[in-house]
Amino acid sequence: MLIKRTKTHEPRPSEITPESIYRQRRNIMGAAALAGLGAVGGLPWRPALARVAFDSGKLGKSALSTDEAPTDLDDITHYNNFYELGTRKSDPARHADELITDPWSISVSGHCEKPGKLTLEDFLKGQDFEERIYRLRCVEGWSMVIPWVGFPLSKALARFQPTSRAKYVAFESLLDPEHLHGQRRKILDWPYREGLRMDEAMHPLTILAVGLYGKVLPNQNGAPIRLVVPWKYGFKSIKSIVAIRFIEQQPPTTWNQQAPDEYGFYSNVNPEVPHPRWSQRRERRIGEFRKRKTLKFNGYAEEVASLYRGMDLKKYF
Ligand SMILES: Nc1nc2c(c(=O)[nH]1)N[C@H]1C(S)=C(S)[C@@H](COP(=O)(O)O)O[C@H]1N2
Ligand SMILES: [Mo]
């Protein structure tokens, strides 16, 4: 994501550094970390979810997976957007320790028969984890392919028995300014918030992810539990969720509040609707040189286009 800037704006290193140089630098940082020179790189796998860790050997691969090659683990865990941990792409890995995931609980409330506050263990009990390899397309123009470990959000929501008044689902990330240094600055209106229409939330492509590459989710990717909505721009996939609410009205969402003309509530990946400051027609897959054409609904049109039948997607962008 990019914040709208005033004249004093200076580009961040990740915006101006060619990928190859960025990579070299990062490798050096990784080597420094390995040599015990400090927490520069951030350890990729944190043990917070150990108690509920899945058996990665038994993970089934969902038929909803893309067969495209996954992006390098190193890129997936060191090129992140997670403003609670800083605004540069390298910040989340570097400051991963600031996110405290143990203990963790998620409150589920609003229009449902069985609201409650659940620990992560409760929440995950009985879930069948599977591997879901999805494309992720960021508004900024880059994309990745990520092998998530997760389960359908619909399954998680069903046990709370949402009522017919539940038209939307609102999500909130952890608020912990004491530890998350990004939240001590007013970069965004904290906590980070997102929302989905009920049918989007219940769609089989929408998952809660608890891992990637067969292991527990690294902090920088939104540990211990995050949303993944593959046909929408990356910012809809909210990280480190602590609250879920069933509501009647469309909820306020972080980037839509921040810049309503740039980030709509729906934010379906759409090459035909340019971002006001740049085109969305093409994307650079991290690790590749040539740009690719961006596909409508990020390539998931067959699965999700029917959700928006009759809607003007230029108006509801
Ligand atoms: N809580 C929270 N969730 C967030 C963000 C954030 O800053 N805070 N960034 C979003 C954006 S813009 C993107 S592109 C994805 C990035 O996910 P990744 O770092 O795992 O690739 O997370 C999204 N979820
Ligand atoms: Mo993004």
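In the protein chain, residues 24 or more positions apart make up 73% of the contacts that have a separation of 6 or more. This is a predicted model, so please keep that in mind throughout. The protein chain has nine helices and 13 strands, and 55% of its 317 residues count as buried.

Now to one residue, asparagine 80. Asparagine 80 sits in the loop between helix H3 (73-78) and helix H4 (91-94). Because its relative accessibility is 3%, under the 20% cut-off, asparagine 80 counts as buried. What does its side chain reach? Leaving out residues up to four places away in sequence, asparagine 80 touches Arg88, Lys89, Pro92, Gln220, Asn221 and Lys239.

Next, the backbone. The peptide bond from tryptophan 190 to proline 191 is cis, with omega near -5°, and proline 191 lies in the loop between strand S6 (168-173) and strand S7 (193-197). The bond from alanine 223 to proline 224 is also cis, again with omega near -5°. Proline 224 belongs to the loop between strand S9 (215-216) and strand S10 (226-228).

Tyrosine 213 has phi near 50°, in the loop between strand S8 (207-212) and S9, and is partly exposed at 32% relative accessible area. Asparagine 298 has phi of about 55°, in the loop between strand S13 (292-293) and helix H9 (301-304). Asparagine 298 is buried, at 2%.

Conventions:
Residues numbered from 1 in each chain as written. Chains lettered and ligands numbered in written order. Predicted model: local features only at pLDDT ≥ 70, side-chain atom pairs only at ≥ 80, totals over all residues. Heavy atoms only, no water. Helix = DSSP H or I, 4+ residues; strand = E, 2+ residues; numbered from the N terminus. Buried < 20%, exposed > 50% of the residue type's maximum accessible area, 1.4 Å probe, protein only. Contact = heavy atoms within 4.5 Å.
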